[in-house]
Amino acid sequence: MAAKNLHDRVLVVGGGPVGSLTAYLLARKGIPVTLIEAEPELVIDYRASTIHPPTLELLEECGATQAMIDQGLICPTMQYRDRRQGKIAEFDLSALKDETRYPYRLQCEQFKLTNWLYGQLREIPGVDMLFSHRLTDLSQDDHGVEVVLDSPDGERRIKGDWLIACDGGRSTARGLLGIKFDGYTHPEHFLVSGTTFDFFSAMDDICSVNYTADPVEWYLLLQIPDMWRIIMPVDPSIPDDDAITDKYIQGALQNLNPRDEPYDIVVRAIYRVSQRVVNTYRNGRGFLAGDSAHINNPLGGMGLNGGIHDAVSLTDRLIRVWHGEAGDAELDGYEVQRRPEAINHVQSMTVRNKKLMEERDPVIRQRNLDEWRRIEADPTLAYEHMMETSMIASLRRSGLLS
Ligand SMILES: Cc1cc2nc3c(=O)[nH]c(=O)nc-3n(C[C@H](O)[C@H](O)[C@H](O)COP(=O)(O)OP(=O)(O)OC[C@H]3O[C@@H](n4cnc5c(N)ncnc54)[C@H](O)[C@@H]3O)c2cc1C
């Protein structure tokens, strides 16, 4: 039988997209939730925008899918390109129309999803949203969890039955739960810039999603609703402050597509990128979800998607336990379902994608390009490729997607 709920509350730490979704999925099923966010308000940053078909399927019932479609850009095609040889292969996800109701990538910035979720949470009784509250310590026993928060009014202590830590790649909760986060950090930094310049007007054979390989200057060129985003590596010897100057970004964009006018640069940020997965997703009454449990490079657009899949898997189980429909053992299925997916699919795909983009050996490079052409030319291989890169195949294997 399910354990008695002593405090009648789930504590969710981190009000990013994964934490706010986790809180929403629980709250809409009648579970009181406290969402604890360190920042004073919605964080607007230009990280995730690519949302894959299974994520849209899984969020359909709760309304988040329609909210993202309303604010996003539907992109059925994606290309692999080479900086010198141009277009190598193009894949059209419309071919997956019998597999999914959403045969495309949706480009919708993560803060738009989070903002929509905040709006929903504000309407649900029993939800506490604590902004400017930073987790600093926690303890637990067999019956519940207590968190210590640094707040504008000083230290606060709050109790709950369960804790779900969605506090990102540098998670405090992960350390407090004694969970290891092995892996490595890429030496180069990733520059994200955004411009309203319309690349369709200058590069006539691109599509909205373009992965362009190069031994030194690979880049991802992505159309999102109000701009084009460019992600490229920056040598770590270049200080971050130098890499986000107009001079540096103008040089990089002019090198990518020379034009007489300067680019209007509306977004600029530098990120460190790592490949890491925790050794366990659970310690007692504490769980990890999203970037606190796994981080990866953005090539393939899988990090947030994986975090959303965590939230769905964990909350489905916790809702059953909370309402007495399943025992505690149900919660162990979360790690069983999600950790192999993070390692075998998300980590391996993103590591492979980066290698393909940056390969320096000319012979291997050419072989990679030939392989993309071969996959594109063979309908069966192309179909399998799209099933894997869209995350449909792996989520079906894991049982999360029917
Ligand atoms: C350049 C780039 C591009 C990307 N593109 C994609 C993409 O297209 N598709 C995709 O799927 N993924 C993408 N990702 C990955 C994606 O951004 C992350 O996976 C996603 O943000 C994870 O969400 P999260 O809620 O787990 O963590 P976060 O978004 O990091 O949110 C964590 C929240 O916790 C709060 N917090 C931290 N510490 C505390 C504390 N002690 N107490 C309380 N609150 C705390 C933070 O303020 C923050 O609001 C990209 C990443 C990068 C860097």
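**Figure 1. Buried residues of helix H1 in the predicted model.** In this predicted model, the buried residues of H1 are Pro17, Val18, Gly19, Ser20, Leu21, Thr22, Ala23, Tyr24, Leu25, Leu26 and Ala27. Since 11 of the 11 residues of H1 are buried, the helix is largely enclosed by the rest of the structure. The cover over these residues includes strands S1 (10-13), S2 (33-36), S8 (127-130) and S12 (162-165), together with helices H4 (110-122) and H8.

**Figure 2. Packing of H1 with H8.** The axes of these two helices, H1 and H8, come within 9 Å and cross at roughly 25 degrees. An angle under 35 degrees counts as roughly parallel, and H1 and H8 are therefore roughly parallel to each other. Their crossing is right-handed. On the H1 side the contact has Pro17, Val18, Leu21, Thr22, Leu25 and Leu26, and these meet Leu304, Gly307, Ile308, Asp310, Ala311, Thr315, Leu318 and Ile319 of H8. Sorted by class, the contact of H1 with H8 holds 10 nonpolar, three polar and one charged residues.

**Figure 3. Packing of H1 with H4.** Here the axes of H1 and H4 come within 9 Å, with a crossing of roughly 30 degrees. This angle makes H1 roughly parallel to H4. The crossing of H1 and H4 is left-handed. H1 contributes Pro17, Ser20, Leu21, Ala23, Tyr24 and Ala27 to the contact, and H4 contributes Gln110, Leu113, Thr114, Leu117, Tyr118, Gln120 and Leu121.

**Figure 4. Packing of H8 with H9.** H8 and H9 pack with their axes 9 Å apart, at an angle of about 170 degrees. Angles over 145 degrees count as roughly antiparallel, and H8 is therefore roughly antiparallel to H9. The residues of H8 in this contact are Gly306, Asp310, Ser313, Leu314, Arg317, Leu318, Arg320 and Val321, and those of H9 are Glu330, Leu331, Gly333, Tyr334, Gln337, Arg338, Ala342 and Val346. The contact of H8 with H9 has seven nonpolar, four polar and five charged residues.

**Figure 5. The shell around the ligand.** Of the 36 residues around the ligand, Gly14, Gly16, Gly168, Gly290 and Gly303 come nearest. Two or more residues of the shell come from each of helix H1 (17-27), strand S9 (134-140), strand S14 (189-195) and helix H8 (303-322). H8 gives the largest share, four residues. By class, the shell consists of 16 nonpolar, 14 polar and six charged residues.

Figure 6. Arg339 lies in helix H9, which spans residues 329-358. With 19 other C-beta atoms within 10 Å, Arg339 is partly exposed; a residue needs 20 or more to count as buried. Apart from its neighbours within four places in sequence, Arg339 is in contact with Val277 and Tyr281. Arg339 and Tyr281 are 58 residues apart in sequence, and their C-alpha atoms are 7.4 Å apart in space.

Figure 7. Leu222 is part of strand S16, residues 219-224. There are 26 other C-beta atoms within 10 Å of Leu222, so this residue is buried. Its contacts, leaving aside neighbours within four places in sequence, are Ser49, Gln107, Val209, Trp228 and Arg229. Leu222 and His189 are 33 residues apart in sequence and 18 Å apart in space, C-alpha to C-alpha.

Figure 8. Most residues other than glycine have a negative phi. Ser132 is partly exposed, with 15 other C-beta atoms within 10 Å. Met391 sits in the loop between helix H11 (379-389) and helix H12 (392-398). Met391 has 26 other C-beta atoms within 10 Å and is therefore buried.

Key:
Residues are numbered from 1 along each chain as its sequence is written. This is a predicted model: local features need pLDDT of at least 70, side-chain atom pairs count only at pLDDT 80 or more; totals for chains, interfaces and linings use all residues. A residue is buried if 20 or more other C-beta atoms lie within 10 Å of its own, exposed if 12 or fewer, and partly exposed in between; C-beta atoms are placed from the backbone. Two residues are in contact if their C-beta atoms, placed from the backbone, lie within 7 Å. A residue is near a molecule or strand if its C-beta atom, placed from the backbone, lies within 6 Å of it. Ala, Val, Leu, Ile, Met, Phe, Trp, Tyr, Cys and Pro count as nonpolar, Asp, Glu, Lys and Arg as charged, and the others, Gly among them, as polar. Axes are lines fitted to C-alpha atoms, for helices over the stretch in contact, and angles run from 0 to 180 degrees between N-to-C directions. Angles under 35 degrees count as roughly parallel, over 145 as roughly antiparallel, 65 to 115 as roughly perpendicular and the rest as oblique. A crossing is left-handed if the near helix is turned anticlockwise from the far one by less than a right angle, and right-handed if clockwise.
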